[in-house]
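Thanks for coming. I will walk through one protein, part by part, and give the cut-offs for each term as it comes up.

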Amino acid sequence: MENKVKTENIKSSAMTTTNEIETTVEKKETSRVRMEAKNLTIKYGTNVAVRNLSMPIYNEKVTALVGPSGCGKTTFLRSLNRMHDLTKSAHITGEVLLDGNDIYDPKVNPVTIRRKIGMVFQKPTPFPTMSIYDNVVAGLKLVGIRDRKLLNEVCEIALTQAALFDEVKDRLNAPGGSLSGGQQQRLSIARALAIKPEVILMDEPTSSLDPKSTMKIEDLIVELKKKYSIVIVTHNLAQAARISDYSAFMYLGDLVEYGKTKKMFQNPEDKRTEEYLTGKFG
Ligand SMILES: Nc1ncnc2c1ncn2[C@@H]1O[C@H](COP(=O)(O)OP(=O)(O)OP(=O)(O)O)[C@@H](O)[C@H]1O
């Protein structure tokens, strides 16, 4: 009898431990969601570009947005840091959460959001006549930071994170436009990093680069995801497969499939995803 009670006690304490572990695992999974789109619909005038899209964006992971031209990838990406505020015809319903808070809440300042969620565009965007140094610290100066020592520190850290420091450290006063295309794109990334964002959005960041510069940016993205959440739009499926952890396949404004990149590329659930990934259309 006593033994039975003991066994029950052990069982119940083991179950408690298991429950605790499950709760911990659940908590970990939940805390890893950095951003989340919920029932997001984006229209330009009456044209629906993104329809009722819901998906998470995990912390310290790369999420790739793929799909044929015009399917809404860039529209979705730009909604993640309120870039559409600047487009008159754009109308957004639904929610975009950053750490559980809706970035479209009227009380939220879009400038604060864009500081937390940085953007790197398709074409490198340095100010060509501005020095490399000033390009990196432009965002900080814009918000009134003038402390030279601080600016110097941030500049070196951001250029190092963008894997560009060694190539430019002896010519920080040279114009941004004097760098190669690949270097200019890394400079754009350094500028985005200098304002210490939490999430980095990248819209086809390597589409204008040669293969060697593309590889550098890809290596950089893999390095950066140790600290940031990264969302990247790419037409290059091999690139999505190489560097992303999660992928979203969009088609005609719909999110057709979302999941782990490995699983989606090896064993897609939707026929349209399979046809796109195997080059049957797009
Ligand atoms: N500023 C805008 N005004 C009106 N319509 C727009 C605007 N931007 C995009 N669209 C339309 O919204 C739809 C989605 O465009 P979007 O650029 O998001 O697609 P995409 O998947 O990023 O395409 P691509 O791969 O060619 O860059 C398209 O029909 C496009 O014509």
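**Overall picture**

Of the 282 residues in the protein, 36% are buried. A residue counts as buried if 20 or more other C-beta atoms lie within 10 Å of its own, as exposed if 12 or fewer do, and as partly exposed in between, with C-beta atoms placed from the backbone. Before going on, note that this is a predicted model: local features need pLDDT of at least 70, side-chain atom pairs count only at pLDDT 80 or more, and totals for chains, interfaces and linings use all residues. Residues are numbered from 1 along each chain as its sequence is written.

The protein has 11 helices and 10 strands. These are DSSP runs, numbered from the N terminus: helices are H or I with at least four residues, strands are E with at least two. Among contacts with a separation of 6 or more, 68% join residues 24 or more positions apart. Contact here is when the C-beta atoms of two residues, placed from the backbone, lie within 7 Å.

From the record, UniProt lists residues 35-277 as "domain: ABC transporter", in an unreviewed entry. UniProt positions are given in the numbering used here, feature names are shortened, and annotations may be inferred rather than shown by experiment. That span is 37% helix and 27% strand, and its end C-alpha atoms lie 26 Å apart.

**The ligand**

How many residues surround the ligand? There are 13, and the closest are Tyr44, Ala49, Ser69, Thr74 and Thr75. Near means that the C-beta atom, placed from the backbone, lies within 6 Å of the molecule or strand. Strand S2 (47-58) and helix H2 (73-79) each supply at least two residues of this shell, and H2 gives the most, with three. By class, the shell has three nonpolar, nine polar and one charged residues. For that count, Ala, Val, Leu, Ile, Met, Phe, Trp, Tyr, Cys and Pro are nonpolar, Asp, Glu, Lys and Arg are charged, and the others, Gly among them, are polar.

Strand S2 also holds asparagine 52. Asparagine 52 has a positive phi of about 45 degrees although it is not a glycine. Why does asparagine 52 count as partly exposed? Because 15 other C-beta atoms lie within 10 Å of asparagine 52.

**The core and H7**

In soluble globular proteins, nonpolar side chains tend to be buried together. Here the largest nonpolar core has 63 residues, and Ala158, Ala190, Ile200 and Ile230 have the most contacts inside it. The largest share of this core, six residues, comes from H7. A nonpolar core is a set of buried Ala, Val, Leu, Ile, Met, Phe, Trp, Tyr and Cys residues joined through C-beta atoms within 7 Å.

Helix H7 (residues 181-194) has 14 residues, and 13 of them are buried. From its first C-alpha to its last, H7 reaches 20 Å, close to the 20 Å expected; the expected span is 1.5 Å times one less than the number of residues. Just after H7, lysine 196 takes a positive phi of about 50 degrees.

Now valine 120, in strand S6 (residues 117-120). Valine 120 counts as buried because it has 24 C-beta neighbours inside 10 Å. Leaving out residues up to four places away in sequence, valine 120 touches Ser188, Ile189, Ala192, Ile200, Met202 and Pro205. By the same rule, isoleucine 230 touches Val62, Ile200, Met202, Ile221, Leu224 and Lys225.
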